[in-house]
Amino acid sequence: MESYYVPEIADNVFWVGAKDWNRRLFDALVPLPEGTSYNSYLVKGTEKTVLIDTVNPGFEKEFVEKINKVTELEKLDYLIMNHAEPDHSNAIRFIMERAPKAVLVTTKKGIGMVRNYHEIPDERVKIVGDGDLLDLGGKTLRFIEAPWLHWPETMFTYLEEDKILFSCDFFGAHTAQGVYDEDIEDLIPMAKRYFGEIMMPFRKQGAKALEKIKDLEIRVIAPSHGPMYKNPERILGPHRKWTSGESEKKALVVYASMWGSTEKLVREMAETLLSKGIDVRLYNLAVSDIGDLARELVDSRAVVLGSPTVLGGMHPLAMQGAYLVKAFKPPIKYGVLLGSYGWGGGALKQAAEMLAPTKIEVVGTLQVKGAPKEEDLKEVQRIALELAEKMEE
Ligand code: FEO
């Protein structure tokens, strides 16, 4: 039998999750430079034992061995599903088959997902709502509905006596490193990247959830990805800012360029913005990690999108960049579209159409034929100065 580390995070509260050190992609989209973890927690009262969330497919064996280090799985009383996405719920059926008296706990919105994904009979499911309590004997769990973070059924579970908030995806970070937040110096940029990818489109729901827990005394935040926070304010403070829609005097410049013409335009834009005191983050989409873009989108005030025309439209990488700007719903206020073409344009018309449903005000657009000339660069400077002025507002 392999030996596993099962930290006891409070008296009779254990982390029994899994670390996926080598995972490098999530949702077939987002790079994971440091892997991730699937955190599950086991709480033992004097009367009842509870498991909170499960693990990703492929980790069932180590999961069971960890649980059995601190209790007998077959004696489990409850399995709480804070969230139905398979990285946390996939082992539900596996656990329920091995713990014959266990009852699955979920919200009214979660029950449909339980039926769809896990085929657990209704008589083994307990539906809980906001404020409901579960007495384990000396330990009390309180359920806090926090819908749309980032699926409809999401909830938090709060352990009253130990003041631990099990927040599932919210407050998460994709990293397999560390056990507690104090172990990772650069944790908040990782959490910000995760927020940008997963939670930013649900900023308003995130703000509501924060409002709901604002008076809760929290000693530890125990999310479902990344380390646990012994210093809750370290992650609460940034989340208050990120969900507020507050932005920085920062411009995210993203582009694709095939022969350097579009690149010249965006570089001219970047240099002019820098000269006006704007924090510029420039990414060539051909060599960039979209997790980095997601992180920068969280608090950028402007986006500059550059694309050559390819086959009558945008370069596919620029199209993906524009799509992410639209889909992630960042708090960006201003935009600039720059591009080049050989014999017929079309990229910027398409970019403008893609961004039309957003609230981004397009401050300037420039499309040049072939390599940029002196007057083109002057026009880029003019647009940059106008953008910089607006960003001061
Ligand atoms: Fe980590 Fe929404 O699952």
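Author: Leu 305 stands opposite Leu 337 in β22. The two strands involved, β19 (residues 302-306) and β22 (residues 334-341), run parallel and are joined by five bridges. This is a predicted model: local features need pLDDT of at least 70, side-chain atom pairs count only at pLDDT 80 or more, and totals for chains, interfaces and linings use all residues. Residues are numbered from 1 along each chain as its sequence is written, and side-chain values use heavy atoms, with hydrogens and water left out.

Helices (H or I, at least four residues) and strands (E, at least two) are DSSP runs, numbered from the N terminus. Strands pair if DSSP finds at least two bridges between them.

β19 and β22 belong to an open sheet of five strands. Its order is β18-β17-β19-β22-β23, with parallel pairing. β18 (279-284) and β23 (361-369) stand at the edges. Each has a single partner strand, so one side of each lacks a neighbour in the sheet. On average, neighbouring strands are turned by 15° against each other, direction ignored. Axes here are lines fitted to C-alpha atoms, for helices over the stretch in contact; angles run from 0 to 180 degrees between N-to-C directions.

Helix α8 (residues 261-275) packs on this sheet. It touches β17 (250-255), β18, β19, β22 and β23. Contact means heavy atoms within 4.5 Å. The direction of α8 makes about 150° with that of β22.

Now another helix packing. The axes of α5 and helix α9 (residues 290-297) come within 7 Å and cross at roughly 90°. They are therefore roughly perpendicular; angles under 35 degrees count as roughly parallel, over 145 as roughly antiparallel, 65 to 115 as roughly perpendicular and the rest as oblique. α5 contributes Pro 189, Lys 192, Arg 193, Gly 196 and Glu 197 to the contact. α9 contributes Gly 291, Asp 292, Ala 294 and Arg 295.

α5 (187-199) also meets α6. In helix α6 (residues 203-212), Arg 203, Gly 206, Ala 209 and Leu 210 are buried (under 20% relative accessible area; exposed is over 50%, partly exposed in between, with a 1.4 Å probe and protein chains only). Those buried residues pack against β14 (155-159), α5 and α7 (233-244). On the other side of α6, Lys 204 and Lys 208 are exposed.

Phe 170 sits in the loop between β15 and α5. At 1% relative accessibility, Phe 170 counts as buried. Leaving aside neighbours within four places in sequence, its contacts include Gly 206, Leu 210 and Met 199.
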